[in-house]
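This report looks at how charged side chains pair up in one protein, and then turns to the overall build of the chain. Please keep the sequence and the structure in view while reading.

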Amino acid sequence: MSWNPSELANTSKTFCVLPWMHQYIGPAGDIKPCCVYKHSSSIGSLKENSLHEIWNNDDTNQLRLDMLNGVVRTECDRCNVREDTAITFRTGSNKAYYSKKEDIQEAVKSTLPNGSVPEHKLYYLDVRFNNLCNFRCRTCGPYFSTSLVQDHKRLHNKYIPDTDSGFHYPGQTEEQAFEEIVPHLPYIKEIYFAGGEPMMQKEHYMTLDKLIEVNNSTVHIRYNTNFSKLILGKWNVLEHWKKFNDVLVNASLDASHERAEFWRKGTVWEEIVANRERMIQECPHVKFNISCTLSWVNVFNVLDFHKEWVEKKLIGVNDIMISDLDNPMYYSLKNIPQWKKEKIELAVNEHIKWLVNTNADKRVISMFESSIKFMYSNDTIPEAWNIDFHRIVSRLDTIRDESFFDTFPEHQDIREHLDVLGFRFSKGLFPSYDWPAENNI
């Protein structure tokens with residue numbers, strides 16, 4: 001079998017290079033072609049099979065064949081539904097890898113009629129060694145954070161013993177995921193650490209140690225981290241980073257100051273700032289981005305936060321990555337009233353003017369422009385939006401003794417809108433529901 005590289009990269013609506021070069025290891029052992037593959041789906045489990053066995057199992061082979069033959073996979077809808085408004089993980093990966101790397105093109109060409117690829121050689125690896133995390137973010141859930149287990153229990157009226165930490169890891173043992181990736185480390189070109197919180201995972205540091213041992217200091221190392229911890233026991237990540245040429249830290253900072261401490265519970269804002277200052281001092285060669293998941297809740301603050309850190313020289317104007325929140329749907333930009341969208345559009349357009357005046361890259365400007373397009377990609381508010389927002393926000397405020405609208409006074413218009421609909425945001429006044437336990441809170 002053979003496919004034209006240019007045609008696949010530039011005209012195919014279904015081809016994604018990742019299943020030929022990459023495996024995602026989820027914190028509970030789910031193996032996927034990428035991290036944005038449908039949450040409830042996988043192509044295997046490390047609890048049952050090895051990475052090598054999953055590489056050419058029936059599900060993986062069929063996925064490759066479908067991608068090559070123009071079959072739309074609903075598990076890939078995160079990319080399918082966005083490609084008219086933004087660069088997706090699929091299009092970005094095809095451009096970065098398939099269009100430029102001959103060895104990856106050869107891997108695709110080597111695909112056999114049954115969809116298998118003879119050589120199991122990972123170019124890129126995304127590994128989540130466990131779900132250990134010290135934060136209780138409002139847009140996350142216990143699958144990715146042990147700290148959210150008890151909140152989730154109270155929020156969803158679920159029976160979870162107080163002694164249940166919710167801790168899980170891929171594989172039949174805690175060490176299996178690390179042991180499975182070791183054979184690939186001498187030649188791997190890119191590795192992505194996330195979690196849970198990767199800086200709390202001993203296997204993350206063991207992987208860095210092993211990369212140093214096998215003399216692979218040129219590997220591109222990327223992180224998604226809450227940036228609250230730089231030290232774990234005997235390990236200091238700054239000392240490790242000094243030994244690698246190409247490190248990118250994407251710090252999941254979705255807000256600043258008291259809004260950050262509310263939205264990503266566990267944040268101590270002064271410590272985040274101190275960690276960034278220390279990183280600049282000790283590891284100036286390591287690249288750093290604010291990695292922000294944009295919702296209607298944090299959008300105004302993100303614009304201020306971006307300007308503040310540029311002015312304080314904690315980042316450059318281009319050191320920001322924006323992704324638009326899909327779920328939970330009641331926080332998504334696309335699921336709010338039209339009048340609120342118009343206010344957000346005005347604010348984002350003012351920010352874009354500032355970006356132009358500060359000579360920001362077109363890439364950065366286009367991310368904010370894409371967020372506006374994403375916001376208007378849905379003109380019908382889901383029927384459950386009002387109810388779900390009220391249920392979750394009211395209940396979490398009560399559980400945590402917090403106040404959403406006191407922390408985000410810029411959204412009093414949403415409060416007034418919901419009050420008109422009959423939802424009153426008074427602490428302690430919420431009904432009891434048997435909601436489904438979802439990935440997100």
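This is a predicted model: local features need pLDDT of at least 70, side-chain atom pairs count only at pLDDT 80 or more; totals for chains, interfaces and linings use all residues.

## Lys-265 and Glu-402

A salt bridge also brings together the side chains of Glu-402 and Lys-265, with a distance of 2.6 Å from N to O. This pair links distant parts of the chain, since Glu-402 sits in the loop between helix H16 (385-400) and helix H17 (404-407), while Lys-265 belongs to strand E11 (residues 264-265), and the two are 137 residues apart.

Glu-402 has a relative accessibility of 10% and is therefore buried, the cut-off being under 20%, whereas Lys-265, at 23%, counts as partly exposed.

## Arg-136 and Asp-151

Arg-136 forms a salt bridge with Asp-151, and here the closest N and O atoms lie 3.0 Å from each other. Because Arg-136 lies in strand E5 (residues 136-137) and Asp-151 in helix H7 (residues 149-155), the pair ties together parts that are 15 residues apart in sequence. Arg-136 is partly exposed at 24% relative accessibility, while Asp-151 is buried, with a relative accessible area of 5%.

## Charges across the protein

The salt bridges described above are among a total of 28. The protein carries 51 positive and 61 negative side chains, and the centres of these two sets are 2 Å apart.

## Overall build

The protein contains 18 helices and 13 strands. Its radius of gyration is 22 Å, close to the 22 Å that the globule rule gives for 441 residues, so the protein is as compact as a globular protein of that length. Taken along the principal axes, the C-alpha atoms fill a box of roughly 60 × 55 × 50 Å.

Of the 441 residues, 56% are buried, and the accessible surface comes to about 19100 Å², with 49% of that area belonging to carbon and sulfur atoms. Among the contacts with a separation of 6 or more, 76% are between residues 24 or more positions apart.

Definitions and conventions. Residues are numbered from 1 along each chain as its sequence is written. Side-chain values use heavy atoms; hydrogens and water are left out. A salt bridge is a side-chain nitrogen of Lys or Arg within 4 Å of a carboxyl oxygen of Asp or Glu. Helices (H or I, at least four residues) and strands (E, at least two) are DSSP runs, numbered from the N terminus. Buried means under 20% relative accessible area, exposed over 50%, partly exposed in between (1.4 Å probe, protein chains only). The radius of gyration is taken over C-alpha atoms; the globule rule is 2.2 Å times the number of residues to the power 0.38. Contact means heavy atoms within 4.5 Å. Accessible areas come from the Shrake-Rupley method with a 1.4 Å probe; for residues, only the protein chains shown count as cover. Lys and Arg count as positive and Asp and Glu as negative; His and the chain ends are not counted. The place of a charge is taken as NZ of Lys, CZ of Arg, CG of Asp or CD of Glu.
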